[in-house]
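User: I'm new to reading protein models and would like to learn how to go through one feature at a time. Could you walk me through this one?

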Amino acid sequence: MKIKTSTISGIIANETNRMTPIPTQQLFEDLYVIQDSFANIFLIKDNKKFIAIDAGINPDQIKQELTKLGISADDVKTVLLTHSDIDHVNGLSAFNKAEIYLPKAEVAMLNKFRITMTETDFNAATQAYSDLNQDESMFGDDDYWPQDDMQITNHSPHQLISFMKNKINQSFKTIDDGEKLHFDQTSIEAVLIAGHTKGLTSYIVNQKYIFVSDGLSLQNGYVAPFNKFLTLDQEQHRKSISKIKNLKGFDYIFTQHYGYTGNIAKAFENWLD
Ligand SMILES: [Zn+2]
């Protein structure tokens, strides 16, 4: 069975089209954001170098966006990954000089299929996205999804189709829940917020910012769960949102796909634990 790459792009686009990433810009004196299609990368200025939160999707796009800000990819000395999903790790090759950290519980998630559908659902998706006009496929121009990144299992009464294996080709260190890292002018604490994936980790930076990645979405300034289809454990995900609500020591919450807020009281106003 050959699966057209555009079908997979369509399935993903159905989720990502709802996302509201921040356009590339300098947000604060010590914080920059890069938009790589539907995902954001944040860059914290530390002395004359940068610490990146996540690595985005497309290395070429990332380099282009960095140029707009006058930042060289080689000045990124550290990349802190929040989890192992493709849209957070695929851009790593843009950051050749960086030391990379992956949350410990994400190591077990590497090289695993991330999306599994029944053949019936898959055929419906193929139909639904047959007319989809992808200007820029996140997976390049391949006509067909690579076979080694796909698995078909006979699972009565349906076939199951699995795709989107996540991988990291660079060497990395691991970081554990509660671990603290100290840089020239920056101190960072890792806080596990599992649910979207097993090891999804947020980073609290300088008692000022928290980067929660896919740990929640923001809708008109209010916290809501992340896309259901892309979340592995809904119950754990909700518990982790309540965990973030009860955390202290930051003035801003940044997500990787749904912008940011500086009004934390409002953000959690309607959130029921
Ligand atoms: Zn994501």
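Analyst: Helices (H or I, at least four residues) and strands (E, at least two) are themselves DSSP runs, numbered from the N terminus. Here, strand S14 (residues 209-213) and strand S17 (residues 252-255) run parallel and are joined by four bridges. Before we go on, note that this is a predicted model: local features need pLDDT of at least 70, side-chain atom pairs count only at pLDDT 80 or more, and totals for chains, interfaces and linings use all residues. Residue numbers start from 1 along each chain as its sequence is written.

User: Which residue stands opposite Phe 254 of S17?

Analyst: That is Phe 211. Phe 254 also has a bridge partner in S18, namely Tyr 260. S17 and strand S18 (residues 260-261) run antiparallel, with two bridges between them. Their hairpin has four residues between the strands, and Gly 259 there takes a positive phi near 70 degrees.

User: In what order do the strands of that six-stranded open sheet come?

Analyst: The order is S11-S12-S13-S14-S17-S18, with mixed pairing. Strand S11 (180-182) and S18 are the edges, as each pairs on one side only. Inside the sheet, strand S13 (residues 201-205) pairs with S14 in the antiparallel sense over three bridges, and Ile 204 stands opposite Ile 210 in S14.

User: What is the strand order in the open sheet of seven strands?

Analyst: Read it as S1-S2-S3-S4-S5-S6-S10, again an open sheet with mixed pairing. Its edge strands are strand S1 (25-28) and strand S10 (173-175), each pairing on one side only. On average, neighbouring strands of this sheet are turned by 25 degrees against each other, direction ignored. For angles like this, axes are lines fitted to C-alpha atoms, for helices over the stretch in contact, and angles run from 0 to 180 degrees between N-to-C directions.

User: What does the largest nonpolar core look like, and which residues touch the most other members?

Analyst: First, burial: a residue is buried if 20 or more other C-beta atoms lie within 10 Å of its own, exposed if 12 or fewer, and partly exposed in between, with C-beta atoms placed from the backbone. A nonpolar core is a set of buried Ala, Val, Leu, Ile, Met, Phe, Trp, Tyr and Cys residues joined through C-beta atoms within 7 Å. The largest one here has 50 residues, and Phe 42, Leu 43, Ala 52 and Val 79 touch the most other members. Leaving out residues up to four places away in sequence, Phe 42 touches Leu 31, Val 33, Ala 52, Ile 53, Phe 211 and Phe 254. Apart from this core lies another one of eight residues, including Ile 8, Ile 11, Ile 12 and Trp 145.

User: Why does Ala 108 count as exposed?

Analyst: Ala 108 counts as exposed because there are 11 C-beta neighbours inside 10 Å. You'll find Ala 108 in the loop between strand S6 (99-103) and strand S7 (113-118).

User: What is there to notice about the phi of Ser 37?

Analyst: Most residues other than glycine have a negative phi. Ser 37 has a positive phi of about 45 degrees although it is not a glycine. Ser 37 sits in the loop between S2 and S3 and is partly exposed, since 17 other C-beta atoms lie within 10 Å. Asn 220 is another residue other than glycine with a positive phi, near 50 degrees. Asn 220 belongs to the loop between strand S15 (217-219) and strand S16 (222-224), and it is exposed, with 8 other C-beta atoms within 10 Å.

Definitions and conventions: Contact = placed C-beta atoms within 7 Å. Pairing = 2+ DSSP bridges.
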